[in-house]
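Work through these exercises with the sequence and the model side by side. Try each task before reading its solution.

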Amino acid sequence: MAGDKAEHANLFYEILKGQPQMQYYLMNTGGIGGGQRYTKIQLEHTLMILDSLIRGGMEEWIDSPSGFRVPASVTSVDDSYFHPERLYSTDEFEAKQKDLNKLRHETVEKVAGPCLRR
């Protein structure tokens, strides 16, 4: 991506704010879990998820311990794609989520810095 990442992020945020009727989704296209529990997200599953989104097949959304709302299920896609907390004990998942949230916060601060403090 060319240009200032923080400027791009803020521009995208302004576009979304101005379109309250717009629906948007965050997708991970890499993998889920880590170490021996790592599962690569397969292209066919990404396509099934997109197909369900486009055709209205994801009508039931639930809160996830990850802090996101996730589909209750998607036909032919393993539930662990939407519920990585099921790969770990409660304590393990909470520790991993805490570390991930800290990393996300630090990364946003590093990339966006003063732009977020407007």
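**Exercise 1. Find which helix gives the most to the lining of the second largest pocket.**

Solution. H1 gives the most, with five residues. Helices here are DSSP runs of H or I with at least four residues, strands are runs of E with at least two, and both are numbered from the N terminus. H1 covers residues 5-17, and H1 and H3 each supply at least two lining residues. Next, read the lining: Ala9, Phe12, Tyr13, Leu16, Lys17, Tyr24, Tyr25, Leu26, Phe68, Arg104 and Val108. By class, nine are nonpolar, none polar and two charged. Nonpolar means Ala, Val, Leu, Ile, Met, Phe, Trp, Tyr, Cys and Pro; charged means Asp, Glu, Lys and Arg; the others, Gly among them, are polar. The space comes to about 450 Å³.

A note on the source: this is a predicted model, where local features need pLDDT of at least 70 and side-chain atom pairs count only at pLDDT 80 or more, while totals for chains, interfaces and linings use all residues. Residues are numbered from 1 along each chain as its sequence is written, and side-chain values use heavy atoms, with hydrogens and water left out.

**Exercise 2. Describe the largest pocket by volume, lining and class.**

Solution. Start with the terms. On a 1 Å grid over the protein atoms alone, a cavity is a set of points where a 1.4 Å probe fits but cannot get out; a pocket is an open set with protein on both sides within 12 Å along at least five of seven lines; lining residues have an atom within 4 Å of a point. Grid points are joined across faces, edges and corners, and a volume is the space filled by probe spheres set on the points. The volume is about 880 Å³. The lining has 27 residues, and Asn28, Ser66, Phe68, Tyr81 and Pro84 lie nearest the centre. Strand S1 (31-32), helix H2 (43-54), strand S4 (69-71) and helix H3 (90-112) give two or more residues each. H3 gives the most, with five. The classes are 18 nonpolar, six polar and three charged.

**Exercise 3. Classify the one aromatic pair.**

Solution. Rings of Phe, Tyr and Trp (its six-membered ring) pair if their centres lie within 6.5 Å; planes under 30 degrees apart are stacked, over 60 edge-to-face, the rest tilted. The ring centres of Tyr25 and Trp61 are 5.7 Å apart and their planes stand at 25°, so this pair is stacked. Tyr25 sits in the loop between H1 and S1 and Trp61 in strand S3 (residues 61-63), so the pair ties together parts 36 residues apart in sequence. Now check exposure: buried is under 20% relative accessible area, exposed over 50%, partly exposed in between (1.4 Å probe, protein chains only). Tyr25 is partly exposed at 41%. Trp61 is partly exposed at 25%.

**Exercise 4. List the largest nonpolar core, then trace the contacts of Val74.**

Solution. A nonpolar core is a set of buried Ala, Val, Leu, Ile, Met, Phe, Trp, Tyr and Cys residues joined through side-chain atoms within 4.5 Å. The largest has 10 residues: Ile32, Ile41, Ile49, Leu53, Met58, Val70, Val74, Val77, Tyr81 and Phe82. Contact means heavy atoms within 4.5 Å. Leaving out residues up to four places away in sequence, Val74 touches Met48, Ile49, Ser52, Met58 and Phe82.
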